[in-house]
Amino acid sequence: MAMMPVSTTTGPGAPPEVAPAPGPARRGARPALSRILRAVRSNRKATVGTALLVIFILLALFPGVIAHDNPSAEIYQRSLGPSGAHLLGTTALGQDIFAQAIWGTRQVLIIAIGVGLFSTAIAVVIGVAAAYLGGWWDGGLSLLTDVLLVIPLFPLLIVIATYVQNAGTLVLVVVLTLTGWSYTARQLRAQALSLRNRDFLEAARVRGERRFYIIMVEIIPTMTSLLVASFLTNALYAVLFGSSLQFIGLGDPNSNSWGTMLYWAENNEALQTGQYLWTIVPGVLILLLGASFALINYAFDEIGNPALRPVRRKTRVKRAS
Amino acid sequence: MRFILRRLGFFILTLWAAVTLNFFLPRLMPGNPALAMLAKFRGPVNPSALKALEVAFGVKTHQSLISQYVGYLGDIATGKFGTSLYFYPESVGRVILDAIPWTLGLVGVTTILAFLLGTGVGIVAAWRRGGAMDSILPPTFVITSAIPYFWIGLMLILIFSEKLTWFPSSNGYDVTLIPSATGSFVGNVLWHAILPAAALLITTIGTWVLTMRNTMVTTLAEDYVRMARAKGLPGRRIMFDYAARNAILPNLTGFAMSLGFVVGGAILVEYVFNYPGVGYMLLQAVNNEDYPLMQALFLLITVAVLVAILMADIATAVFDPRTRSRG
């Protein structure tokens, strides 16, 4: 967590993303949806990322289908190795590790999706309002965004979580959302500013459309790619930071989640006592879920910016060099 | 110059925001968590220190919120951070001063290494577009960016400390040794630093590679690069003097910024390895409800970041003539 939660493809000091020239919003969801599906299928990173995400969503919705044990029941023999009855063994407290891993998906995913959606929503409201209202509004909102952007996030999260004590799902979502929206808000403001004098907005103004209509129907749809990127970046950030907070014991120690599993594993010295799976399994799951968000995000970047796509044919490289 | 003054003003404002957060957060929480903390320390801590804490956290005080706040701002401005509760009777300032060199050494050196290595790999990957390195590395680093730092640390401990027993798994040096300036002690410190440094390097290098590669890919398509090729310049010269030199700006400003994150950056890695730096102290303070130490560390980390961002701004202004006129 040395750096701010920047998206995986734009480094801390990367130039502001130049979005593809936005035209008037295309209406009708069907062509857009089929375009996205085609893009996902044609890009390997997107295919892998989406497949992983779908699996995790299914696990979160129906954990009981494959994990029959109660994840928090401390009823089994302690510290067992993997076996038919306990696929991944049991913890030093006598819980089934497989059940904990599967049931733990739900909380992590709720936090990821919740933080992704809410922080994107806040960023849209603040970023677009700042750009569109201008003047004092812009000054104030931009200042708020910039201040939050430079305060180091993880230490701030730690301080807040310490005072809250035993943060549950809802508290984690709120805290991660309140601290995480600023980066996107800044990008959206820049995007909205660059749109301000476009002809299609002028046309809408001349038609006499109301401000609210212009913002909702004309401006926001042109930002779709930024919004998707924001959702994915913030979801990844929520998975990593949420789990980290739980790992250091600032979450609810009784909750079922991967970060909490790691907390108990560390507390019981799982690595020193040979219970490796207790530490490995939740970490691998965090990695896979995080990677699914990161891969989809990177793939979207490649789709939006053809220069970044992997080069397939050698001959074209030759010509370029 | 005006640009830098404006940035300075902004940083003072941000610092004030951080101090204000420190002041109001414990007061906003239901049932003032400081109360519980104070009750716990009633025994071992002497009454006058406790009194100062009660004032600092707004417990049992008849002052108005505003005069408490002004008093708090005054204390911070004059560097009065109080006494650490967990490391009682040491002062907060002392505890922090002891921790800083460890973090600067470990995280500072690792950050510089990660920057140099990552930027170099990024340049070569972009130059050999479509080569083996270019097709394997970006997806790999997209995935490593999704690994929690602390878990990499845990895995390194598992492999290199528990299984192979090559490196120690905790502390900054062998606790049986007495710190001294001898070669054997320095060697011991380095030996203890290898695993945490590796954990940091693995998780941070990806950003440098990806940023450098992606910017460099864009620069390679510029006309001046084509011009250089047309002139028949040697490839190495085009790669470094034409393309990389123009593509490195985002990485350079990123580097200046990441130097600020050095201070607070490796909190979890230090925690996993019990490495006695700033991040480890922060979590010690958190786990032991040592709020004065926690608040001071949070401020310290914020200040470090602010100074670094200011340096990054100045560096950009110096290196990129286009930004100068904007003022």
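Predicted model: local features only at pLDDT ≥ 70, side-chain atom pairs only at ≥ 80, totals over all residues.

Biologist: How many residues apart along the chain are Ala256(B) and Ala312(B)?

Modeller: They are 56 residues apart along the chain, while their C-alpha atoms are separated by 5.0 Å.

Biologist: Which helix is Ala256(B) in?

Modeller: Ala256(B) sits in helix 11 of chain B, which covers residues 249-265.

Biologist: Buried or exposed, and why?

Modeller: Ala256(B) counts as buried because it has 21 C-beta neighbours inside 10 Å, and the cut-off for buried is 20 or more.

Biologist: Switching to chain A. How many helices and strands are there?

Modeller: Chain A has 14 helices and zero strands. Of its 321 residues, 47% are buried.

Biologist: And the contacts in chain A with a separation of 6 or more, what share comes from residues 24 or more positions apart?

Modeller: Such residues account for 71% of those contacts.

Biologist: Pick a helix pair. At what angle do helix 4 and helix 7 of chain A pack?

Modeller: The angle is about 35°, and the axes are 9 Å apart. The crossing of helix 4 and helix 7 of chain A is right-handed.

Biologist: Which residues meet there?

Modeller: From helix 4 of chain A they include Ile110(A), Gly114(A) and Phe118(A), and from helix 7 of chain A they include Leu172(A), Val173(A) and Leu176(A). The residues of this contact divide into eight nonpolar, six polar and no charged.

Biologist: Next, the largest nonpolar core. How many residues does it have?

Modeller: It has 170 residues, and those with the most contacts inside it are Leu157(A), Leu282(B) and Leu297(B). Helix 4 of chain A, residues 97-133, supplies the largest share of this core, 17 residues.

Biologist: What is Leu297(B) in contact with?

Modeller: Setting aside neighbours within four places in sequence, Leu297(B) is in contact with Ile96(B), Val278(B), Met281(B), Leu282(B) and Ala285(B).

Biologist: Last topic, the two chains. How many residues of each are in contact?

Modeller: The contact takes in 50 residues of chain A and 59 residues of chain B.

Biologist: Which helix of chain A gives the most to that side?

Modeller: Helix 13 of chain A does, with ten residues. The residues on the side of chain A that touches chain B divide into 34 nonpolar, 13 polar and three charged.

Terms used:
Residues numbered from 1 in each chain as written. Chains lettered and ligands numbered in written order. Core = buried A, V, L, I, M, F, W, Y, C linked by C-beta atoms within 7 Å. Buried ≥ 20, exposed ≤ 12 C-beta atoms within 10 Å, placed from the backbone. Helix = DSSP H or I, 4+ residues; strand = E, 2+ residues; numbered from the N terminus. Contact = placed C-beta atoms within 7 Å. Nonpolar A, V, L, I, M, F, W, Y, C, P; charged D, E, K, R; others polar. Axes fitted to C-alpha atoms, helices over the stretch in contact; angles between N-to-C directions. Left-handed = near helix turned anticlockwise from the far one by under 90°.
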